[in-house]
Amino acid sequence: MTNYYQKEIETASRDEILRIQNEKIRKQVKHVYENVPYYRNLMEEKGLTPEDIQGVDDIKKLPFLSKADLRDAYPYGLLGVDLKDCVRIQSTSGTTGKRVVAFYTQPDVDLWEECCARAIVAAGGNEDDVVQVAYGYGLFTGGAGLHGGSHKVGCLTLPMSSGNTERQIQFMMDLDATILCCTPSYAAFIGESLAERGYKPEDNKLKAGIFGAEPWTEEMRQSIQKSLGIKAYDIYGLTETSGPGVAFECEAQSGMHINEDHFYAEIIDPDTGEVLPEGSKGELVFTALDKEAFPLLRYRTRDICVLTREKCPCGRTHVKMSKPMGRSDDMLIIRGVNVFPSQIETVLLNEGYTPNYQIEIGRKNNTDTLDIYVEADPTKISDKIADIQDMENGLASAMRTMLGIGPKIHLVPPKTITRSEGKAVRVIDNRKLHD
Ligand code: DLL
């Protein structure tokens, strides 16, 4: 039987969801127009007043916001309430440029934690569960979001934060953790570390994992499910829209339900900004319908995905987003060909390699170079140079079929690629410096 955290809204009819969205957007546009001069100016440039937005169908008239606006307005320029009414600040985990800082009132925190609670219940969580939160705590939203959600569901919460894998494993085993929350790359590392210590997947009490914050493939899901003996669920979100829980996977494990009572989603053509029809692949844009402190309208996420309204067996009616297939700003263009790191991961796992890899792009004689460092499987490793070359050539040819360009593969000894405890850094692009 399917359980829900907030059944009525999670399974509401399409008409009911639209009614709620229409009501909220009118209020929200008024709130932003009156309290966020930065956005009011953008509306005025387009000759818009709040009266022009009568419902969600009118959202397409509104101007977009992008990361560049957030940088311009840093830190307080998009604040929708007095600072004294805010109770929390969180920030992106980005390592370059100015970080995004997001503000929350108490109702904003409650709303966010409710979204995470929905995700935990959708993954099979209830008050009998022990939730090990191994996302980073601190400015990053992963730890705080799932922690708050776990409390709301009434689970026993283990606030581990990321890192210190030895201690993660000890607590997981001693305290019988049943749900693990962390990035998929860290989950893979924990699985690998358990095996190294002689644990079999059935030795732990975990039943589910809630993994997100970075792209991961279906193949990676299978590999984590096997190594930990669990069901692995995806969760999506970004600091700008509050954090994890904007969308989450249910038992169907086929895309993430967007919490449509709080976030209105659109798919646009990233080049023209045109709204695309349902089922098209494009850039995801969110309008927060009821956030008070950081009420972003039409925020361009840069994440590329597809939305679908196909009936879901779990009974939830909210629209589903596919796994992000990459970002419009981190899609690699190598020798003129579009390459997403996820395609490389798919090939590696299909060919029986581990998800430990690094992609290095450079430029030699005015031509792009693509080098992929892959850890050899310790059970298949050979000390004969010819064997290693055969394996490298085999992998390079599988990559060429998938990507349309041939990389140079470097098999490196097991355990030589740095493991990630948070978001994995997969790509090193030496051609240009990112901002
Ligand atoms: O990563 C929030 C989060 C924490 C989500 C924990 C899920 C779990 P930021 O650091 O602001 O926030 O990064 C947001 O991460 O625009 C996506 O590009 C990427 N991302 C987040 N979740 C997923 C996912 C958090 N499930 C950026 N699959 C987003 C792929 C994801 N990419």
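Modeller: The model is a predicted one. In this model, 22 residues surround the ligand, and the closest are Asp234, Ile235, Thr239, Asp303 and Lys423. By class, the residues of this shell divide into nine nonpolar, seven polar and six charged.

Two of the closest residues, Asp234 and Asp303, also make polar contacts with the ligand. An N or O atom in the side chain of aspartate 234 is 2.8 Å from a nitrogen atom of the ligand. For aspartate 303, a polar side-chain atom lies 2.6 Å from an oxygen atom of the ligand. Glutamate 214 takes part through its backbone: one of its polar backbone atoms is 3.2 Å from a nitrogen atom of the ligand.

As for cover, the ligand on its own has 610 Å² of accessible area, and the protein covers 93% of it. Helix 6 (141-153) and strand 7 (231-238) are the elements that give two or more residues to the shell. Strand 7 supplies the largest share, five residues.

To summarise, the ligand has 22 residues around it, with strand 7 as the largest contributor.

Terms used: Residues numbered from 1 in each chain as written. Predicted model: local features only at pLDDT ≥ 70, side-chain atom pairs only at ≥ 80, totals over all residues. Heavy atoms only, no water. Near = heavy atom within 4 Å. Polar contact = N/O pair within 3.5 Å; in protein donor to acceptor, adjacent residues only side chain to side chain. Areas by Shrake-Rupley, 256 points an atom, 1.4 Å probe, with all protein chains shown as cover. Helix = DSSP H or I, 4+ residues; strand = E, 2+ residues; numbered from the N terminus. Nonpolar A, V, L, I, M, F, W, Y, C, P; charged D, E, K, R; others polar.
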